[in-house]
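Here is a structure to look at. The questions below concern how one chain is put together.

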Amino acid sequence: MDLSQYKIMCVDDEKDVLMLRSDFVLDLGFTPILATNVEEAIAHLNNCGEEIIFILSDYEMPGTKGLEFRRMIFDDFSQIPFAIISGYLTKEMALEGIDLKICAFLDKPEDEEVLKQLINKETSAFIEEKEEELELIEGFIDDTKGLLADIEEIILQLETEPTELSNIDDLMRLLHTIKGTGSCVGLKVLSKFAHKFEDLATEIKKGERQVTVDLINGFLKAYDYLKFLMENAVESEKIDISENLKLLDISKTNNDVQTAESLDVNTELQASGGKKSKDSLVKKEEISVGIDILDSFMELSGNLTVSRNTAVKMINNIQIEFTNNKSIESLSTALNEMNKVSTQMQNLIVETRKVSLRNVYKPLPRIVRDVTRDTGKKATLLFEGDELRVDNSIAKVLTNSLVHMVRNSVDHAIESPEDRASGKKVEQGKIKICSYEEGENVVVEVSDDGKGISTELIKNKLISNGAFSEAEISEMSKRKLLSMIFHPGFSTAAAVTDISGRGVGMDMVMTSVKKLGGQIITESKVGFGTSFKMILPKPKSVLILDSLFVTVSDKKFAIPQDEIDRVIHLDEKVKKNLRYANNKMFLKYEDDKLLPVIHIDEILGLNKVGKDKKDLKNVTSLIVLRHDETQCVVLINEILDVEEIVVKKLQHSLRDLEVFLGVTYGEGDDLYLVLSTKGLLEAAQISLDEDTVDEGEDEVLEVANYTDFIEVGLNSEANYMLPLSQVYSLENIKKENIQYSVGAPILSYKENTLHLYCLVDLVDGGNGLSLPNNLSGEFKVIVFYLQDIFVGFVVPDILDINKVYDEINDGLSDNKSILGAIRFNERIINIINIFHLFDVIGLHRKKTIKEAELDISQAA
Amino acid sequence: MFAPEIRILVVDDMKTMRKIVMKSLKTLGFSDFIEAEDGAKAWEQLNNSESKVGLIVSDWNMPNCTGLDFLKRVRANATYKETPFVLLTAESELDQVREAVASGVDNYIVKPFSADILGKKLEVAHKKRFA
């Protein structure tokens, strides 16, 4: 409890005494108010009397005495407990004291313990009541948060359907609730404002005024102010809002809101299926839990997993040592049970942290509306996949970022209606926010069909900014140039408008996305539009990684396998490929690339290894690491072992060490640090944006987006591919591990079940449950993770992974399992419609991103 | 006046409001409460209550099933047609108060209110029904 909001006034003519009292009051946690005479004291009371909870006054003061002071203020402030400190006490004083409700006469010098108990006794009831009031106000604000957002939505709805009276009814009811409850928790100012707001709505209901543009604008301004009052509920009680009440004086005569056809904004909540249900206003019985508690939960559950895995590992070892020991077997069973429960609990914790994207996106329609209005443009905002629920940390980044991005899209990307018309586009621009899950990431794509980003403009801007030299700029790839719009201080707006164009927003967007470990991929085509793909990794309580153990300078480290491109044994031939430039070491790799060599020992301040060519004697291997598109090489003394490890986050005090992902327990009780490629690259100051290879990519991006496909060999007659983006993993599975459950082949996989299907059979229209008879001992499976279920497609062979730039020619096949065909390297390849296959095996598709892309490209 | 041990049903769509009402009722000596967030839920509560509800304090303006809808159902029910029903309202609804009284509300309380006022209003409602 914060006591400092409560004030105790001390009155004494001796300044030294006052200072002592002040310290005493501060020690108790309250705020002291000091007065050296009665006039000063009265001034304080008039100023902030309602915050003073106790008055401690000297008796003998020049001029007005303590009791006289109490009498002077008795009419207005008799409710404040009043104690007098005096060197003496007469019968008359005591009698008058009773009359004036003096709570105590204290001897001078006062006994601090006695005074402390007195203050406690006299103020506790009052403080308790105040705290209860505050709690009620907090509860009220919490209760009304949802209602507030609904108010904004209804006002926007009213704009599109000005004659729909149910909107007015809803608006009136919400304002009424805020007014009524607000007044009951003691928020008079808020209640007054809501009341006038409600009156205005009532006039429409009664037919006394029409829904006009001015009215909607007024409503929205009033809504903003109402929100402000709610957010500052307690402070607002002290302000004079008579000026702000004028927001609600709106002239009745005005042209009506334009008819639906010429409206600038309409929001289609496609995914929600049209009409929103009204019972969204009724909430289930809930309690609110602080995010910090959920964060701790997440971390604790991670720790639990780590201990659990250690225990499981140990029991396995013990079992090998003592076979057929009943107690050990029961212990193992109990541990397995615990294992299951802890997994379930972890899933629940993850679920608890999730919020609906629909709530995150709620403020966006208003932004589109306001910006289109201010700029005279026309734009529709579309959502897809907004029923998705995402972790709170992701929601927070999206909340802050999308406001900027959507505002930018309307302001910079969408052309004026005239320009669009002359460019043979529909006048109404389109901004689309597509949300879906892809493996371990949440992906949010903001795309528009506006004018696209001209790299020429970016170049000019960069040159005029002076941030880069012309030579540097001419070397930049298209991707790099596009990424510059996220550079601090960059703004392509020809004129800085009121709405955006200060170049602050996009910089902040990138920073917050990167902080989550995410990235933004920008693609743009001049004249056709721009898309920002935000890839945000789902937070994990525990990281389980296949890792390679290595030693560097006699220290053992783990390197995540998926960051390793290649391990190269250092022989004489390889040594020739090590080059030096500017005193730095590079590796000539795959004939055409020079990869920078990072010296882990140097970054970590260990003994230097392999600094010069001569020193390479202890180096046995090179490892090529990759993070996104950036590669680098590290020098390794010894390669040890590959192991699946559980990575535990570093302690809070060490989290700034980004070179490490975390720590892991190895053999015995030793701790090993896990290296992060991203961290190493950053530490070595190798730019992550720069592409090491960049041939031909420019032109390619110019033409079309590419998609990664896996090519599979199904039968000899035709070639088949399926999109890589949907794939969770590629696995080699041993035939003997397959089990059958109700006739369906399954196997245990990642502490879960993998359901196997025969891809050939599915494509041919079968149910996929009978696996080919000719399966060899080990066969290939493409694994998907859908709605918490692992599904594996058994394929005869995986041939290749290809980037395909061509568009799919659909309608070429009457087989629903085939989405269409593409031409690739002079061959015709069938694209498998995996969503159809998911439907066939009873999994409803979660995302329709391909369709979304098609949609956008058709619109363009 | 109502006996302090009666069960009271408090209906309001705002949790905070229900808390305030129950707090005031507590200072008046009552202690057995059940709550509901709209008329439909209130009707359920009424029918599921293991002991008979002796007093209903309900808001008027609620989503789904309003106070008036709820009142009509209560008055049409054999068990509860005589149960005192007190309406919570804000001053602008005084038009509705007439309608409510005509439909069988025993008394109304204007927000904001103090425990004192609530007590007095309940006393009047009690007299109306039982005196």
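Q: What percentage of the 131 residues in chain B is buried?
A: This is a predicted model, in which local features need pLDDT of at least 70, side-chain atom pairs count only at pLDDT 80 or more, and totals for chains, interfaces and linings use all residues. Residues are numbered from 1 along each chain as its sequence is written, and chains are lettered from A and ligands numbered from 1 in the order in which they are written. A residue is buried if 20 or more other C-beta atoms, placed from the backbone, lie within 10 Å of its own. Of the 131 residues in chain B, the buried share is 41%.

Q: Why is strand β3 (residues 53-59) of chain B largely enclosed by the rest of the structure?
A: The strand has seven residues. It is largely enclosed because the number of them that are buried is six.

Q: Which residue of β4(B) is the bridge partner of Asp59(B)?
A: Strands pair if DSSP finds at least two bridges between them. β3(B) pairs in the parallel sense with strand β1 (residues 7-11) of chain B over five bridges, and with strand β4 (residues 85-90) of chain B over four. In β4(B), the partner of Asp59(B) is Leu88(B).

Note on methods:
A residue is buried if 20 or more other C-beta atoms lie within 10 Å of its own, exposed if 12 or fewer, and partly exposed in between; C-beta atoms are placed from the backbone. Helices (H or I, at least four residues) and strands (E, at least two) are DSSP runs, numbered from the N terminus.
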